[in-house]
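The sequence and the coordinates are shown below.

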Amino acid sequence: MIRILSCVALAWFGFVSSLLSQSFTKITGGAVVTNGGASRSVNWVDYDNDGFLDLFVSNGLRAGQDNFLYHNDGLPDFSFTRITGAPIVSDRGKSDGSSWGDYDNDGDADVFVVNWYNDNNMFFENNGDGTFARITTGAFVNDAGLSETCSWGDFDNDGFLDLYVSNSGDVNQTGPRPNFLYRNNGDKTFAKITSGALVTDLFYSRGINWVDYDDDGDLDMFVANEENQANNLYQNQLHETGSATFNKITAGALVTDRASSWSGSWGDVDNDGDQDLLVANWGNQNNALYINHGAGNFEKIANEAVVAEPGNFACSGWGDVDNDGDLDLFLTTAYGATASRNHLYKNLLMETGIVIFEKITEGSIVNDMGHSYGFSWGDYDNDGDLDIFVAKTLNEAENNALYRNDGNGNHWLKVYCFGEKSNRSGIGAKVRVKAAIAGKAVWQMRVIEGQNGYCSQNLQAHFGLGDAATIDSIKIEWPSGQVDVLSHVPVDTSLTIRESKITEVQEGRSHAQPDEFELAQNYPNPFNPSTMIRYTLAAPQAVQLTIHDTLGRQVALLVDKHQAAGSHTVIFAAPPELSAGIYLYTIKAGLFRETRKLALLK
């Protein structure tokens, strides 16, 4: 059971946490906050692979409205340029949710966008050069529906992303609609699945989540239903039977509680290694929090701040807003009788050892009035803390909002997962991180998701590390079953981890652009089995970083691509067949050349 602190202890910890509560600066200039609309979904995504989070926002005006795509221009001020004239922003759709994922495993993220009002949904394939082509053939873009959102997920673990789409319906006209499931054939086509409760049940569905709730290595499906219906949980039988079919779970409060649910957000709230669930409920109803105790057992939590207050809640999402090592919660509100405020709750797990939340009441992020739909956490300015973008929709013509996290000095880690045997986007991968925070060994977990909450997504996993001096371990559990482990990784680091491959790191706390090129000595040195090689680029350059033996034979190509200015690092994991001895590593970046020695021990 979840323990409850005494009133005196609660008051004291509330005082301490209020001193440490995170502050935000509201951004008031630029296209991202001056384009009004009936905005719905928010996706932070690096669509052009330049190392900066770009922003996609869908719009759901009944008469039709173009969606928004903003390119993050990076240093020096991380401003955004609105993309115009392209197919992805010229569809005049009536859009709700969207999900990004590399469906064809070509190294860039594609996007599926759903429409309501019985319109066809839309799919845009990333051409790899910053442009997109709209795909108009196949059932997945020709099945008209009253679609709410969508999510990519590899439910059969074949290395290709499949697609699930939720449909609600019109209570007065159509009644509830079935949801859609499309299996990726691996050749840029999809097969529509037409049998099984997952696609024949009739509910007014909103939010959906692919989630391995039972930790057996395959993706199950959670569906949040509105109109005071029970929510649905479908257990994938791939692990149990070898066949990717689904059993509907019918017992337990998680699937018998009735509410007007919009959003489900899964996250390891108590840092015990499995995923817990927050369900956001609309219609002046209370939210619900379910703590996962393993083996499919969930405990419903009462008398907790996040579930104590009724409201018209729309989208929910977990994120470590203060980088202290536990997951905090943000909730949007929409479509009440009057304008309303959004909610932010600080998790006091790291302060108290107990899952308990404090409602934050200061700052524009929780006092701005309006109607808010989707939102997403994302570190758009690469300073290591989570900023937040909120899709606004009061009177279907409200400007959106961006709040920049002001930071607090705590350490952090960001991770992109790049699948090889698994799907390229790494969706479904579990990232586990161990570090000593406040003198205690703490394991945290994040999962790469096709949908983080209703109308919310970011493919980058973020960890707060508090006062940790170093990261003891990073463990990646891939959908393929592959497990990769890194040890002794520095804090304040952004990593792109390739499944079973060398790991590239792009890091830095400062926004300042370096004024010279540099190749640093690897650390540790000597090493076994891995070492880190740091280098700095004073300007964007085509970079090649290689390792040779003393006879000049190349043994590894670590980097071979164009990179942005800034500080970079590569983790070189020596293959088992490489002999002990002295090796040379060389960087070539424009006119800059430098070589250093490293020593491999066996």
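## Backbone geometry in loops

Lys 188 counts as partly exposed, at 46% relative accessibility; partly exposed lies between buried (under 20% relative accessible area) and exposed (over 50%), with a 1.4 Å probe and protein chains only. The model is predicted: local features need pLDDT of at least 70 and side-chain atom pairs count only at pLDDT 80 or more, while totals for chains, interfaces and linings use all residues. Residues are numbered from 1 along each chain as its sequence is written, and side-chain values use heavy atoms, with hydrogens and water left out. Although Lys 188 is not a glycine, its phi is positive, at about 70 degrees. The residue is placed in the loop between strand E15 (180-184) and strand E16 (190-193); helices (H or I, at least four residues) and strands (E, at least two) are DSSP runs, numbered from the N terminus.

Phe 78, also a residue other than glycine, has a positive phi near 55 degrees. Phe 78 is buried at 6% relative accessibility and belongs to the loop between E5 and E6. Pro 76 lies in the loop between strand E5 (68-72) and strand E6 (80-82), and the peptide bond from Leu 75 to Pro 76 is cis, with omega near 10 degrees. Another cis peptide bond joins Asn 525 and Pro 526, with omega about 0 degrees; Pro 526 is in the loop between strand E44 (518-519) and strand E45 (530-537).

## Domains and nonpolar cores

The domain assignment, automatic or from a database, gives domain 1 (38-406), domain 2 (412-498) and domain 3 (518-600). The centres of domain 1 and domain 3, taken over C-alpha atoms, are separated by 39 Å.

A nonpolar core is a set of buried Ala, Val, Leu, Ile, Met, Phe, Trp, Tyr and Cys residues joined through side-chain atoms within 4.5 Å. The largest such core has 42 residues, and those with the most contacts inside it include Phe 112, Trp 152, Leu 413 and Leu 465. Strand E36 (residues 430-437) supplies the largest share of this core, 4 residues. Domain 1 (38-406) and domain 2 (412-498) each contribute at least three residues. A second, separate core of 23 residues includes Val 32, Phe 80, Ala 391 and Cys 455.

## Strand E39

In strand E39 (residues 461-466), 6 of 6 residues are buried. Ala 461, Phe 463 and Leu 465 point one way, and His 462, Gly 464 and Gly 466 point the other way. E39 pairs with strand E35 (residues 411-418) in the antiparallel sense over 5 bridges, where pairing requires at least two DSSP bridges. Leu 413 stands opposite Phe 463 in E39.

## Cysteines

The structure holds 0 disulfides, a disulfide being a pair of cysteine sulfur atoms within 2.5 Å. For Cys 150, the nearest cysteine sulfur is that of Cys 455, 8.6 Å away. The sulfur of Cys 315 is 6.7 Å from the closest cysteine sulfur, in Cys 455, and this is too far for a bond. Cys 150 is buried at 0% relative accessible area, and Cys 315 is buried at 0%.

## Largest cavity

The largest cavity is lined by 27 residues, of which Trp 318, Arg 446, Glu 449, Asn 452 and Gln 460 lie nearest its centre. Among the elements that give two or more residues to this lining are strand E23 (261-267), strand E27 (313-319) and E39. A cavity is a set of points on a 1 Å grid over the protein atoms alone where a 1.4 Å probe fits but cannot get out, and lining residues have an atom within 4 Å of a point.

How values were computed: On a 1 Å grid over the protein atoms alone, a cavity is a set of points where a 1.4 Å probe fits but cannot get out, and a pocket is an open set with protein on both sides within 12 Å along at least five of seven lines; lining residues have an atom within 4 Å of a point.
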